Amino acid sequence: RAQLHLAREAGIKIDESAIDDAEQSVARQNRVDVAEIHRRLAADGMDVSLFRGQLRDQLMLVRIREREVNQKVRISELDIDKYLGDRQKNPDDTQSELNIAQVLVALPDNANEAQIAAAQTKAQRVLDSARAGDDFAKLARENSDAAGAAASGGEIGLRQADRYPALFVDSTRTLPVGGLTLIRSGAGFHVLKVLEKRAGGMPATSTVQTHASHILLRLSPQLGESAAREKLADFRKRILAGQADFATLAKENSQDGSAAQGGDLGWASAGQFVPEFEDAMSTLAPGQISEPLVSRFGVHLIKVIERRTAQLSQREQREAVRAILREKKLNEAYATWVQELRGRAYVEMRQPPS
């Protein structure tokens, strides 16, 4: 309430169109339209005007925080240099991260000597092939008994070291990125390859990028949401049936700058698109086409063309550190500001009339 009072004193106003946009955002997050949100509110006994008033207050809190806190936080190049230097000198081992790929040659319970020898020979053969330069993901798909190996190519994924089995961490501790080793556990023999190592608090050195295309229909009085959905659903049906080409339909119908390129959005890293678009895109495998999706820009049909893991440049890594430091400083500055604001607030406690 003290923050809202300050926002009103500062003359911050939220117009009705901003509240409309906020309502649309809530509806998208719940995967329904605004009319359905209003229906659910009524069913819960909540007046729509009260709901919109709460959205107005939330937007005012965001605006006053941006003015009083966010705009005053600055991260210099020296801050970034110091952060990187400190992490390199004193890495936080508890927060270090690993990405390991494995080929598991499984052993049955109570395996006899012949079974153990056969499994070890197979695992050694995989290790020798990997050291000779054969594609590890292909070796995993063809040889690994681990669940999901066919889809992941043996990659377990980037995670904190303490979320890996201690045996995996200990056996790869001295290995460089790309290093290989062979170990045995209760499950069998594991051929391990280190894909990535990251000291605690250090930025990522690579990122997964997606190459996608889309068709965008913007909403207008002449084209409502349901009509746009229906039109794009028909496009999708025709494309899947082989009766139409995605790029051609995008050139003829899409209402954004990518239309001339057949809807091609190029390679994009995480965070480049609005969340609702990115969430839908991330669930698609290469070659798949989404159902019609509503975003703040209109209604989309998305096609994922391919994915890749790209190395980040030094500049991109430094920008990642800047984001880490900015978030940390924002949280600290906000906590201090709120404490000061509370200290300045005057609250009069009144007894109810007797």
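Figure 1. Glu276 is a residue of helix 12, which spans residues 275-282. The model shown here and in the other views is predicted. With a relative accessible area of 16%, Glu276 is buried, because buried means under 20%. Beyond its neighbours within four places in sequence, Glu276 is in contact with Arg28, Leu293, Val294, Ser295 and Arg296.

**Figure 2. Packing of helix 5 against helix 13.** The two elements are helix 5 (residues 77-89) and helix 13 (residues 314-344). Their axes are 10 Å apart and the packing angle is about 95°. Helix 5 is therefore roughly perpendicular to helix 13, since angles of 65 to 115 degrees fall in that class. On the helix 5 side, the contact involves Glu77, Asp79, Ile80, Asp81, Tyr83 and Leu84. These residues meet Arg318, Val321, Arg322, Ile324, Leu325 and Lys329 of helix 13. By type, the contact of helix 5 with helix 13 has six nonpolar and six charged residues, and no polar ones.

**Figure 3. Packing of helix 4 against helix 13.** Helix 4 covers residues 48-68 and packs on helix 13 at an angle of about 105°, with the axes 11 Å apart. The two helices are therefore roughly perpendicular to each other. Helix 4 contributes Ile64, Arg65 and Glu68 to this contact, and helix 13 contributes Leu330, Asn331, Tyr334 and Trp337. Four of the residues in the contact of helix 4 with helix 13 are nonpolar, one is polar and two are charged.

**Figure 4. Glu66 in helix 4.** Glu66 is located in helix 4. Its relative accessibility is 37%, so Glu66 counts as partly exposed. Along the sequence, Glu66 and Asn112 are 46 residues apart. In space, the C-alpha to C-alpha distance between Glu66 and Asn112 is 67 Å.

**Figure 5. Asn110 in a loop.** Asn110 sits in the loop that runs between strand 1 (97-106) and helix 6 (113-131). Although Asn110 is not a glycine, its phi is positive, at about 55°. Asn110 has a relative accessible area of 81% and is exposed, because exposed means over 50%.

**Figure 6. Lys193 and its contacts.** Lys193 belongs to strand 4, made up of residues 188-198. The relative accessible area of Lys193 is 24%, so this residue is partly exposed. Not counting residues up to four places away in sequence, Lys193 touches Asn99, Ile100, Ala101, Phe136, Gly178, Gly179 and Leu180. Lys193 and Asn112 are 81 residues apart along the chain, and their C-alpha atoms are separated by 28 Å.

**Figure 7. The whole chain, for reference to the close-up views.** The protein chain contains 13 helices and eight strands. Its radius of gyration is 27 Å, well over the 20 Å given by the globule rule for 354 residues, so the chain is more spread out than a compact globule. Along the principal axes, the C-alpha atoms fill a box of roughly 90 × 60 × 50 Å. Of the 354 residues, 38% count as buried. The accessible surface is about 21,300 Å², and carbon and sulfur atoms account for 49% of this surface. Among contacts in the chain with a separation of 6 or more, 68% are between residues 24 or more positions apart.

Notes. Residues numbered from 1 in each chain as written. Predicted model: local features only at pLDDT ≥ 70, side-chain atom pairs only at ≥ 80, totals over all residues. Heavy atoms only, no water. Axes fitted to C-alpha atoms, helices over the stretch in contact; angles between N-to-C directions. Helix = DSSP H or I, 4+ residues; strand = E, 2+ residues; numbered from the N terminus. Parallel < 35°, antiparallel > 145°, perpendicular 65-115°, else oblique. Contact = heavy atoms within 4.5 Å. Nonpolar A, V, L, I, M, F, W, Y, C, P; charged D, E, K, R; others polar. Rg over C-alpha atoms; globule rule 2.2 N^0.38 Å. Buried < 20%, exposed > 50% of the residue type's maximum accessible area, 1.4 Å probe, protein only. Areas by Shrake-Rupley, 256 points an atom, 1.4 Å probe, with all protein chains shown as cover.
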